Amino acid sequence: MDNEKVVLELSHVSKSFAKIDTDEVTQAIYDISITMESGEFISLVGPSGCGKSTILRLVAGLIMPTTGKVTVNGQEVTGTSPDRGMVFQKPTLFPWLTVEKNIGFSLTLQGRQKEKAGRIEEMISLIGLEKFREDYPNQLSGGMAQRVALVRTLINEPNILLLDEPLGALDAFTRMNMQDEIIKMWEKRQHLALMVTHDVDEAIYMGTRVLVMDSSPGRILADIPIDKALTRDRSSDTFVAHRNDILRKLHFSGSAAG
Amino acid sequence: MPQKEALQNAAESLQIGGLTRKQLQKLESKEKTKKDKRFEAVTLSLPILCGLIAVAEYLYIPDNRPNHDPHMYLYVLFGFIAAYVIYLVVALIRQAGGESAVYEKVHYKAPRYAALFLLAALYDYLTLKTGILTQPFVPCMNFIICAAVGDRMMLWDCTIHTLLLLFLGYSIGVLLGLITGIACGYSKRCRYWVDPVINFLGPIPTSTWIPIMMVVASSLFGGAVFIIALGSWFAVTVASMTGVHNVDKDLFDAARTLGAKERQLVFRVAIPHAMPSILQGCTQAMGSSCTAIMIAEMLGVKSGLGWYMTWAKAWASYDKMFAALFVICLIFTLVTKSLDLVKRHVLRWQTGVESNG
Ligand SMILES: Nc1ncnc2c1ncn2[C@@H]1O[C@H](COP(=O)(O)OP(=O)(O)OP(=O)(O)O)[C@@H](O)[C@H]1O
Ligand SMILES: [Mg+2]
């Protein structure tokens, strides 16, 4: 694929939120610096509320850092761009548009009418929802909606793909299928993927790097490279070793958990 | 039923996905027993029966007062019976062809139609036949129909005037309401200026303005348009403001990451998302417009159905007054119904599949 190489860098990024009623502020993340580049698949794990979604939203350009800088190829991120696609924790489909139109939404916005029909077709067959193209989102199951949301973002072929627990709502079986589906796409396109997950196994299985976070304030505890050749098998020794290591870092006592 | 069994088998062998919607409906509906069928037949013939009762009541009970042109009412009664019969026949033909939606509807509505015929008979009995309802203030059906037919040119003229006034005022109000409402829902600064206006005007019923308008406005027609527009403007502004203001923030975020610019956020996310609320406002606006127009016509404007009613009352032609009332009833029902159809079409995504009915 002909997507350009990108380097995403967070340098000394902190983000605080003002509370609504009191004068206090919540420090969501504090002094985070990481560098990531195309071809990497980065899993982000950490306890709830440690600022994982905040990092993704900063990279997407939905919010601005309090201090520090987010840059893509040296250029500071100041707003959203279809080049940095994001799949949210909830499917957030537009309920008044059919599946087809939801998927084509961003091409419509950009006025790319000519290629639209073909691209939508491609995306629909990718997720196997040919029969549901005319349906509205509230006629879909949760897993179907999540799949539509995924390709709605992928249709832009973003150089940076941000995934905020995209598979959280799926059953174990569909989830594994979708994991493989996402990996296949990533292997083909070699974009930069940054995925938040609660599931340590998923993080190891999919990622080339696992970032372990700690909360209050959110910061990165460990940056663990994963050798993909050794961890495609979920019962391999390397896989189990990684899992124990990460669970220990996440303050779970008893490293034999799992 | 063998046909049903065959369907079931087909469904099992073909997978449910191979079914059409019609077949699915048939499969899911209960089997009808003989008794059910007989009961249905009775229900369906009820309106015809009651219509004939109304005819008999009219023909065979002696009149209490002189009745000129007595066949007018009969024409109308037979007209309605004939309309029902045609409707029923169409429904039966459609059902035989496998599409049962029309049939279900007729079956559902038949008791109501029957009740209407009985009501007409009762009304005729209370007025023409016995005079229990004070004559001539409550004229019988035949008088009303004769009045309507006799004065049809004038009534038609008044109807056109009313509709013109209504649509002019309503569409101006709705259009401006949409603009202010959406702008205010989206921009804080706009809300800062419009909020006080709404809070100040909100509690004042539209009809309060009518006497003022009659003094101030150079043309009463223009004044009436203004009042109707004001009422609709208010309803639509409030509804679309809340609608746009309450848009799911996550949808905005999603649209932004998909490349939406500010303007696209408004037109492609905020407005469609606020559509249920906006249309709710439009319906409300129509209600307030209908009220305002009647009051305006009764108090000042020298045309239209409201004016016609007061005029007829002044000449003690109560039959004409009632005729106008029926026409008003009819057009307002039609207007509301068509608005409802628009709403159902635009909001079809809310229910997903339209209900079978
Ligand atoms: N818009 C906001 N306003 C105020 N506080 C916020 C906002 N967004 C996030 N926070 C706070 O920032 C912290 C991190 O939130 P974030 O959503 O990034 O957590 P998370 O790691 O994604 O959690 P989870 O795994 O439960 O989704 C939380 O303490 C939260 O209360
Ligand atoms: Mg989160």
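Is B:Val55 buried or exposed, and what is its relative accessible area? B:Val55 is buried, at a relative accessible area of 6%, where buried stands for under 20%, exposed for over 50% and partly exposed for what lies in between, with a 1.4 Å probe and protein chains only. This is a predicted model, in which local features need pLDDT of at least 70 and side-chain atom pairs count only at pLDDT 80 or more, while totals for chains, interfaces and linings use all residues. Residues are numbered from 1 along each chain as its sequence is written, chains are lettered from A and ligands numbered from 1 in the order in which they are written, and side-chain values use heavy atoms, with hydrogens and water left out.

B:Val55 belongs to helix 3 of chain B, residues 34–60. Helices (H or I, at least four residues) and strands (E, at least two) are DSSP runs, numbered from the N terminus. Apart from its neighbours within four places in sequence, B:Val55 has contacts with B:Leu74, B:Leu77, B:Phe78 and B:Ile81, contact being heavy atoms within 4.5 Å.

A buried position in chain A is A:Ser14, with a relative accessible area of 7%. A:Ser14 sits in strand 1, residues 7–18, of chain A. If residues up to four places away in sequence are not counted, A:Ser14 touches A:Gln27, A:Ile29, A:Tyr30, A:Asp31, A:Pro65, A:Thr66 and A:Thr67. The C-alpha atoms of A:Ser14 and A:Leu162 are separated by 19 Å, and the two residues are 148 residues apart along the chain.

B:Gln264 brings both chains into view. This residue is part of helix 12 of chain B, residues 262–299, and counts as buried at 15% relative accessibility. Its contacts, leaving aside neighbours within four places in sequence, are A:Leu109, B:Gly259 and B:Val269.

The next topic is charge pairing. Over all chains, the structure holds 19 salt bridges, each being a side-chain nitrogen of Lys or Arg within 4 Å of a carboxyl oxygen of Asp or Glu. One of them joins A:Arg119 to A:Glu157, with the closest N and O atoms 3.8 Å apart. A:Arg119 lies in helix 4 (residues 113–127) of chain A and A:Glu157 in the loop between helix 5 (142–154) and strand 7 (160–164) of chain A, so this pair ties together parts that are 38 residues apart in sequence. A:Arg119 is buried at 12% relative accessible area, whereas A:Glu157 counts as partly exposed at 28%.

Another salt bridge is formed by A:Arg243 and A:Asp201, whose closest N and O atoms are 2.9 Å apart. Because A:Arg243 is in helix 9 (residues 237–249) of chain A and A:Asp201 in helix 7 (residues 200–206) of chain A, the pair ties together parts that are 42 residues apart in sequence. A:Arg243 is buried, with 14% relative accessible area, and A:Asp201 is partly exposed, with 23%.

In chain B, B:Glu262 forms a salt bridge with B:Arg256, the closest N and O atoms being 4.0 Å apart. B:Glu262 is partly exposed at 47% relative accessible area, and B:Arg256 counts as partly exposed at 26%. These two residues belong to a network of salt bridges that links A:Arg57, B:Asp253, B:Arg256 and B:Glu262.

The surface of chain B also carries patches. Patches are made of residues with over 30% relative accessible area and no salt bridge, like charges being joined within 9 Å and nonpolar side chains (Val, Leu, Ile, Met, Phe, Trp, Tyr) within 5 Å. B:Lys105, B:Arg112, B:Lys337 and B:Arg344 make up a positive surface patch. Lys and Arg count as positive and Asp and Glu as negative, with His and the chain ends not counted; a charge is placed at NZ of Lys, CZ of Arg, CG of Asp or CD of Glu. Helix 5 (101–129) and helix 14 (318–346) of chain B are the elements that give two or more residues to the positive patch. B:Arg344, in helix 14 of chain B, counts as exposed at 60% relative accessibility.

A nonpolar surface patch consists of B:Leu164, B:Leu168, B:Ile172, B:Leu175, B:Leu176, B:Ile179 and B:Phe221, with about 620 Å² of accessible area together. Accessible areas come from the Shrake-Rupley method with a 1.4 Å probe, and for residues only the protein chains shown count as cover. Helix 7 (residues 152–186) of chain B gives the largest share of the nonpolar patch, 6 residues. B:Leu176 is in helix 7 of chain B and counts as partly exposed at 44% relative accessibility.
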